[in-house]
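Please look through the sequence and the model below before reading on. The report then goes through selected local features, one group at a time.

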Amino acid sequence: MKKVIVGNHAVSLGVKLARCEVISAYPITPQTQVVEMLSEMCASGELNARYIKVESEHSAMAACVGASAAGVRAFTASSSHGLVYMHEMLHWAAGGRLPIVMANVNRALGPGWNIWVDQSDSLSQRDTGWIQLYCETNQEVLDTTIQAFRLAEAVDLPVMVVLDAFYLSHTAEPVDIPDQALVDEFLPQRNATHKLDTADPHAFGALVRPEDYTEMRHDQQLAMARAMTAFDAIEQDWARLTGRSWPALEAYHADDADLLLLTSGTITSTARDVIDERRAAGDRIGLLKMKMFRPFPTAALRTALRGVRRVAVLDRNVSPGHGGIFAEEIRSALYDMPLDDRPMLFGYVLGLGGRDVTPAVINDIIDSTRTAVSPEREDLWVGVKS
Amino acid sequence: MSEPAVTHDSPPRISVSSTSTLANRTGSWKYIRPRYQDGVAPCNARCPTGVDVEGYMNLLREGRIADALDLVLRENPMPAITGRVCHHPCELACNRAQYDDPVAVHLVEREMGDRVLSMPPPVLRRTHTEKVAVVGSGPAGLACAYHLARLGYGVTVFEEAAKAGGMLRQGIPDYRLPRDILDRQIRWFSDAGIEFRCNTRIAGEYADKLLRDYAAVFVATGAHRSRPLGVTGEDSPRVMAGLDFLKAVNRGEAPEIGRRVVVVGGGNTAIDCARTALRLGATPVVLYRRTRQEMPAIAAEVDEAMREGIAFEFLAAPRAVHHLQGRQAGVECERMVLGEPDASGRRRPVPSNAGTFSILAETVLTAIGEEPGLEALPLHAAAPDQALIDELGATPAAGIWAGGDAAGIERTVSDALGSGKVAAIGIDRAIRTRNGEEVPPNDIAELRWSGGNISMSRWRGDDPVQRHGATNEVVGFDRLNTAHFVHVTRQREARDADHVTVEPVGTAFERATDGTAFDFGEVNPGLTAMQALEEARRCLNCGVCNQCELCLILCPDVAITRQEGGTGFDIDLNYCKGCGVCAMECPRGAIVMTREGL
Ligand code: SF4
Ligand code: SF4
Ligand code: SF4
């Protein structure tokens, strides 16, 4: 059934269809609608889940950790300061190998106080051990939320579904809402291997000696690697059931392109329009959309970029003292490629704190990438006023 | 990165202790321990009838309506009536008042009462051979009769008037207590097996004779004689006892009172007189020698009277009634000021130097108090102005108990009901003791809701509410954890008249659209069944565990578990480390921390 809904509600509906059993969250703009709708569903009985009110995001994640350890499906949603406030617990969730799903609405960090889109909040959680999936449309948000539970449970790792503030969170689009029966077929009940059981209590997350710690982390790394393959399988299964596909790395007119834009989030949609126009005028330009940021799709990227001359990475985020975070990561993924195959990488930092990224901005980027001899610096800041 | 299979082949490597943590008795860390104990809600402690308000609100919340009705009827046989006329001190005590608005207990009670009246009365099985005589069929007499019948005794109620009900029928106007409700309530009692003998005056030798046929006699003859003003001109035909006026109107007569009516007094009789006079077309003025604050009348009644447009002349006392020409009288009044507090704690009115003024009136209604009628009692059972009774209602005369307005209690319907219940317990105890039965040597204080009235359930020892480590402490607002509550607006009737913006449909105010035509129809429309349940859900269940399970969820040591076979919880002190989370979080103060070893 198609409904016109905002991205936040696409998350809520996904969580409901996934038959999530415990939800704990703390409200923060622009995420609040996600959990508001879920709390109403819990109150009305439409969703048979326990909603745990907490006094902070740190506690929200702690509650999810406990619930997930006890073997149930747990979910939270956050944004910006809320997300960075739960930073410590993100490590506990991942290290504890708990398949928690979270939606994070990308929002800038203060100061200055800013509620608009910016990826620095989720990207600064890069090393917590969470799988990260960035979405472009509300349909993708809903589908990814459901997929996230299956992925998380397949590899015992937590998954963060990421969506842009306002462009997705508060903008309504037609979304096809799958039947419960379809979702039930796709996503069976969780079957946890280790459960916290009050009748036979054991200490979870207790002391681990130096002799064993490395193996724990290594196992986490192996799971991340498995997540890569698992995601593709899950994706295919979803495509079989719904006809919709949201690959980890999506190519758009990339086959014969001499210049590729590398995007994530809603900037992708704007870039698609620009590409359509330019293609109509005979321009051989294409795009790679990065949905998956962790695990990092290194192999797929190398394949997709082999032989491409120039790449422009559009980063709506920045790692101060270095550059755009996607650009950094892609650069390091390309390092092992033979020099001849390796494209010249232009890393643009733009759209911070919700500044609009218009087709004109993207056109300028394309033109300057084409005309430059080589990138002037690692971080090319777009539209900085003097 | 290597890329192994997708399948969930091996469990993830996580740190889990191989041995059970039960070996780690965290309980040894503590120096304070939680105690799971139900206390007493303030509403229960303040209800003059001794109703388990908290208990039935909780049953309503759980949707157990039949059980809730039973819990009310154990203590209060006429919720339809108390729900209408009780001054509801429970709501003054209600902890929720300190959070938003007090729970509208009387309105919930009233809706329950109306349900009771539409159901067949309980079958009160006779289990004792003894019969008890009740003299007077006002609220005290009715309550005593009902409770005795419920305890298994045969009961006969003697009433001097043609119909039972006492002051409920004769003194309380229709617009507060519709006759229909009262009639149905009396029928409910007689259908339940209580015998009524109306038109029967018990006094002098008749009183003595009752003890030949009855094992005990309960005298509740009320207070029916208006106290005189004690001013010159009081014998004027223009001066009438307020209570006589109300009785006449309640009999269906319409006394000639003219247009201008002065009512003297500040109690409920005065307000009833003024509002009744208004409904007969008069323009009443209430004369009271203190101020609004000291008025003993039910505050809501005063509010309503004012909103009906009745004038009040405060700090004014009548000094003389002058007979003028025609049917007019001049009431000469003196201005008063408030002086030192008197024995009642209220500031005493003393004459000011401002001189006197006069009010013209066709009728002066006196309502400065009533004297009890004690004719049914032997002389040694009464002081000059009231029956003498002990803690359980017994008079010094063997076999004779007393209660209600005649026995010097607070002059309210609910206090009268409460005194009737207490005497029923006193009589039961005396008869059973006489029969050689083992009557628990109960400390009477333990039967009380923490210093309030006696609980019939406690006396019978068959409280249907399971109490956990019960104490008799009142749990005040400071012991509640309001973090777990949400604000919910009270159904109808905000705390004071200032809150009223739109007249609820069905009230006298709404009917009297032109602001004058008040009728004798019931002023307050009460709550619908749905609204009553909503209101019951506002109750915070102060001091009593309502199984919310917060403690169970929040105890970090999983030391709290559901009691096997019971309704409550067990705290495993082997693992409780005394962190205090449960006591801190319990929304209703049903867990307290105590020192180790105490
Ligand atoms: S909230 Fe409920 S239990 Fe508490 S005082 Fe008020 S009526 Fe009684
Ligand atoms: S927290 Fe809830 S369940 Fe626990 S004692 Fe208090 S009222 Fe009872
Ligand atoms: S919360 Fe648990 S551990 Fe803490 S005092 Fe209560 S019973 Fe003991």
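## Backbone features of chain A

A:Pro295 lies in the loop that runs between β12 (292-294) and α11 (298-305) of chain A. The model is a predicted one. The peptide bond between A:Arg294 and A:Pro295 is cis, with omega at about -10 degrees. A:Pro111 belongs to the loop between β5 (101-106) and α6 (120-123) of chain A. As background, most peptide bonds are trans, and most residues other than glycine have a negative phi.

Two residues of chain A can be set against that background. A:Arg19 is not a glycine, yet its phi is positive, at about 55 degrees. Its place is the loop between α1 (7-17) and β2 (22-25) of chain A. A:Asp156, also not a glycine, has a positive phi of about 55 degrees. A:Asp156 is found in the loop between α7 (138-155) and β7 (159-164) of chain A.

Is A:Asp156 buried or exposed? With a relative accessible area of 7%, A:Asp156 is buried, because the cut-off for buried is under 20%. A:Arg19, at 46% relative accessibility, is partly exposed.

## A sheet in chain A

In which order do the strands of the open sheet in chain A stand? The sheet has 6 strands in the order β9-β11-β10-β13-β14-β15, and their pairing is mixed. The edges are β9 (249-252) and β15 (380-381) of chain A; each has a single partner strand, so one side of each has no neighbour in the sheet. As a general point, strands of a sheet pair through backbone hydrogen bonds, either parallel or antiparallel.

Within this chain, strand β10 (residues 259-263) and strand β11 (residues 285-290) run parallel and are joined by 5 bridges. In β11(A), A:Lys289 is the residue opposite A:Thr263.

## Strand β8 of chain B and its partners

Strand β8 (residues 260-264) of chain B has 4 of its 5 residues buried, so the rest of the structure largely encloses this strand. The path of the chain from β8(B) to β9(B) goes through helix α12 (residues 268-279) of chain B, and this β-α-β crossover is right-handed.

β8(B) pairs with strand β9 (residues 283-287) of chain B in the parallel sense, over 5 bridges. B:Val262 is placed opposite B:Val285 of β9(B). β8(B) also runs parallel to strand β14 (residues 363-366) of chain B, with 4 bridges between them. Here B:Val263 is placed opposite B:Leu365 of β14(B).

B:Thr283 is part of strand β9 of chain B. B:Thr283 has a relative accessible area of 44%, so it counts as partly exposed. From B:Thr283 to B:Gly258 the separation is 25 residues in sequence and 8.9 Å in space, C-alpha to C-alpha.

## Aromatic rings

A pair of aromatic rings is described by the distance of the centres and the angle of the planes. The count over all chains is 13 aromatic pairs. Why is the pair of B:Phe312 and B:Phe314 stacked? The ring centres of B:Phe312 and B:Phe314 are 5.6 Å apart and the planes are at 15 degrees, so the pair is stacked, because planes under 30 degrees apart count as such. B:Phe312 has a relative accessible area of 16% and is buried.

In chain A, ring pairs link A:Tyr134, A:Phe293, A:Phe296 and A:Phe326 into a cluster. Charged groups also lie over rings. The charged end of A:Arg107 is over the ring of A:Trp113, 5.0 Å from its centre. In chain B, B:Arg458 lies over the face of B:Trp449, at 4.7 Å from the ring centre.

## Surroundings of the ligands

| Ligand | Nonpolar | Polar | Charged |
|---|---|---|---|
| Ligand 1 | 9 residues | 2 residues | 1 residue |
| Ligand 3 | 10 residues | 2 residues | 1 residue |

Among the residues that surround ligand 1 are B:Cys43, B:Cys94, B:Cys539 and B:Cys542, and also B:Glu54. Ligand 2 is surrounded by 13 residues, and the closest are B:Cys545, B:Cys548, B:Glu549, B:Cys551 and B:Cys586. Ligand 3 is surrounded by 13 residues, the closest being B:Cys555, B:Cys576, B:Cys579, B:Gly580 and B:Cys582.

Key: Residues are numbered from 1 along each chain as its sequence is written. Chains are lettered from A and ligands numbered from 1 in the order in which they are written. This is a predicted model: local features need pLDDT of at least 70, side-chain atom pairs count only at pLDDT 80 or more; totals for chains, interfaces and linings use all residues. Side-chain values use heavy atoms; hydrogens and water are left out. Rings of Phe, Tyr and Trp (its six-membered ring) pair if their centres lie within 6.5 Å; planes under 30 degrees apart count as stacked, over 60 as edge-to-face and the rest as tilted. Buried means under 20% relative accessible area, exposed over 50%, partly exposed in between (1.4 Å probe, protein chains only). A charge sits over a ring if NZ of Lys or CZ of Arg is within 6 Å of the ring centre and within 35 degrees of the ring normal. Helices (H or I, at least four residues) and strands (E, at least two) are DSSP runs, numbered from the N terminus. Two strands pair if DSSP finds at least two bridges between them. A crossover is right-handed if, with the strands pointing away from the viewer, the path from the first strand over the helix to the second runs clockwise. A residue is near a molecule or strand if one of its heavy atoms lies within 4 Å of it. Ala, Val, Leu, Ile, Met, Phe, Trp, Tyr, Cys and Pro count as nonpolar, Asp, Glu, Lys and Arg as charged, and the others, Gly among them, as polar.
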